[in-house]
Amino acid sequence: MTDTLLPVDAYLVESLPEIWFGAVLFALGMYVVLDGFDFGIGMLYATRTDERERETFLAAFGPVWDANEVWVVAFGTMLLAAFPRVYSRLLADNYLLALGFVVALVFRGLGPELREQRDDERWKRYTDYAFIGGSVFAPLLLGMLAGRWLFGEATLPVALTGVGLVAVSIVTGAAFLAAKTEPGLASDLRAYGIGATVAYLGGVVVLLGTVVLTDVGGAADAVLSLPVAAVVALSVAVGLSGSVLARRGRYRAWLASALSLPTLLTILVAILLYPTIYPPTGLLVREAVVSPLALNLVTVLGFPVLLLVLWYFKFLYGVFSGPIEGEGYEG
Amino acid sequence: MSPITLLGAIVPGLVTFLSPELASRMQFGWTISVHIIFASLSIGLAPFIIYFTWKDVRTNERRYARLRSFWVKVFAAGFVMGTVTGIPMSFQFGTNFPQFAEVAGELIGGPLAFEAKMAFFLEAVFLGVLLYGRDRVKDRTYIISSVLVGFGAWLSGFWILIVNAWMQTPRGYEMVTRNGMEIAKLTDPFAAFFTPRMPWMYVHMMNASVISVALLVAGVSAYIVWKKPDAEAWNTALKLAVVLLIASAPFQAIHGDAYGRHVEDTQPQKFAAMEAHYETGQADLHLLAFPKSPEALTDPRAENLVTVSLPAVGSFLASGGDFDAEVIGLNEYEENPPVALVFWSFRFMVGLGFLFIGLALWGGFLMYRGRLADSTRYLKAMIAASPFGYAALLTGWYVTEIGRQPWVIQGELKTSEAVSSTLTGAEATLTLVAFVVLYVGLMLTALYILKWLVREELRSLGVRESSGGRWHGPIPWVSSDD
């Protein structure tokens, strides 16, 4: 391999470590946005008792959830490839949270898959418990894991991060379903979505207020900065305008604004992390990153594929766009 | 004080927790054993899925539609199980073996990330199309989707085995100090990816997956054909599976023999454990070994065994032609893998491998005579053999992984040094128990799903239901009153 294609002692571009910091958080953002609405579907599913409505929800969830879930693997492995120490510490220091999260994902994924295998009331009830329980606990524990990443052991901020992720997942789930179902059901969902938006925005404000007041891990200064203020202000604006759009029944526009909430949340995480990448030990992006050759390699081989993956998703959502029809396999 | 430390403080009098190292190893071994069943199901079913989809779309024959529909359902259930069991795997490098992840991050992180991005996404996205998109995409797109799903499964195995092969025969790195820790720094990507072990492992594992699934497909087909001899689709499936078995089973033995020599070259300690060869010197080849006493099960040295051996042939094979060649014995090493586990796993795998060749030849003979579906004895044998491909595949991996101990990266990092230093025995034991309970449930469910699918298939073929919802027989889709 030539030195120009894959330099051994220098990064392809000087800022490659920072680009990778961005890429890792991009993967996390994709996960939080895409699987977030899957979690939302799972939680809103608990509010439905009508079998037809439940099957409509599952039909929206079925073709996309597995592909969405792969983003968490992309996030984890990209973190390992670029910042192995962060991957190791984050997971080893939060052992039970991390494994609790993956167990929740097991229940969430198996519930719907198993449900359709049998026509039996009790069977359906249990598989529904798995689906709903997994959909609540996965974002809660993932949010708490993110909270530990940002704030270390402080209990209240960590809990609030978890609850915040649950709330924002309900918002996106409601908007996604509203855009794909009939008007009667959509207006029910809208009420949950707007309530969750208010709860989410309130939660973010309380969380950041707590961090400032208690100065967790010296994070107060980072919070009291212009970028953070801008992201929070933007979130409030997006959340409120989304709620107005929802009230007017413009569900596709609501969906677009709802999906930008978890995006902004991920940007907030990035701002709070940088320039460290593991605040509990003060580890900097530049200290944690792998050597130039290794990073250049994953860049050259990985980035084109990442673009390809984005195209797959465009294709997938294109095939399954529009209102939900039918359910289950056509086999 | 966290609830877990509290639990740890209260319970020691009642319960002894496993050490973090032992619990972590058991947890990883258990979770990957379950995961690999589903991963190899995807790999082995891929050719069947592509073939049935292609034939269905092109010929519009009912039998192919039936087979595609059935096996895509099995594939989908297996893929979901593979996904949900695979994610814990990718987390456990961090939760349980953070030192390993940190030392090897530059070498294993890239391939693992490529696996997620190049393969896993491909499978997950196009499986969605394959399952739900028949009426939404063009015929050609639908066939291509099945090809991409299958390709994704095989590519996934490729990247994962690059990681594992590197752990067996690490290359392309140097040890440097970073952040006060000795880590492996990537120096030559090509050498690091295409290690000496990689081609051996890839061929052996892909072929093992094909054999396992061919046996599974043959077993299910044989059962349905036995119940309903004129089921056209299932006669086709049975024939196809037996043909694949004829192609793959003998090849595995020939390839495996050469693979063994490669292991002797590159990991002599593992090879010695496979043969329970203690004293360095001339080695006999044990064709068959039986325990003389129960003791041999835990300590399989030659004096505890009744063996059918070819004197000095071990040396001959290991060296490629020299009967007097020295084969390094286990006594040379300070610390050895659990020899009995490796020795018996190896024998179990090889024995099953020969059984599969026998079944393949028998099937080939019957097919030549045009009586494949008429021989009840053969159908019964194939039904009984259907889970054994997986048994061979798992025991083969036990040889590979347990045989590498005490190393996690051969010659570079010991497993005991790779385990998390912050992990407590209580936490590790708790999650181990949770994963055991969860995955036992998951596997039983997978077997039930297969049973239900078979029962539904029989019903649609007009076979009267023969049993209630209870699972009687040793193999889930066989009921006791058959």
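1. Helix α3 (residues 62-95) of chain B packs against helix α4 (residues 98-132) of chain B at an angle of about 160°, with the axes 11 Å apart. Axes here are lines fitted to C-alpha atoms, for helices over the stretch in contact, and angles run from 0 to 180 degrees between N-to-C directions. Helices (H or I, at least four residues) and strands (E, at least two) are DSSP runs, numbered from the N terminus. The angle makes α3(B) roughly antiparallel to α4(B) (that is, over 145 degrees).

2. This is a predicted model: local features need pLDDT of at least 70, side-chain atom pairs count only at pLDDT 80 or more, and totals for chains, interfaces and linings use all residues. Residues are numbered from 1 along each chain as its sequence is written, while chains are lettered from A and ligands numbered from 1 in the order in which they are written.

3. Which residues of α3(B) meet α4(B)? They are B:Val72, B:Ala76, B:Phe79, B:Ser90, B:Phe93 and B:Gly94. Their partners in α4(B) include B:Phe100, B:Leu112, B:Glu123 and B:Leu127. Two residues are in contact if their C-beta atoms, placed from the backbone, lie within 7 Å. By class, the contact of α3(B) with α4(B) has 11 nonpolar, two polar and one charged residues. Ala, Val, Leu, Ile, Met, Phe, Trp, Tyr, Cys and Pro count as nonpolar, Asp, Glu, Lys and Arg as charged, and the others, Gly among them, as polar.

4. Between the chains, 57 residues of chain A are in contact with 54 residues of chain B. On the chain A side, α13(A) gives the largest share, 13 residues. That side divides into 39 nonpolar, nine polar and nine charged residues.

5. A:Val298 sits in helix α13 of chain A. A:Val298 is buried, with 26 other C-beta atoms within 10 Å; the cut-off for buried is 20 or more. Leaving aside neighbours within four places in sequence, A:Val298 is in contact with A:Ala81, A:Ala82, B:Gly110 and B:Ala113. The C-alpha atoms of A:Val298 and A:Leu316, 18 residues apart along the chain, are separated by 26 Å.

6. Chain B has 16 helices and six strands. Its radius of gyration is 24 Å, close to the 23 Å that the globule rule gives for 482 residues, so chain B is as compact as a globular protein of that length. The radius is taken over C-alpha atoms, and the rule is 2.2 Å times the number of residues to the power 0.38. Buried residues make up 50% of the 482 residues in chain B.

Methods:
Parallel < 35°, antiparallel > 145°, perpendicular 65-115°, else oblique. Buried ≥ 20, exposed ≤ 12 C-beta atoms within 10 Å, placed from the backbone.
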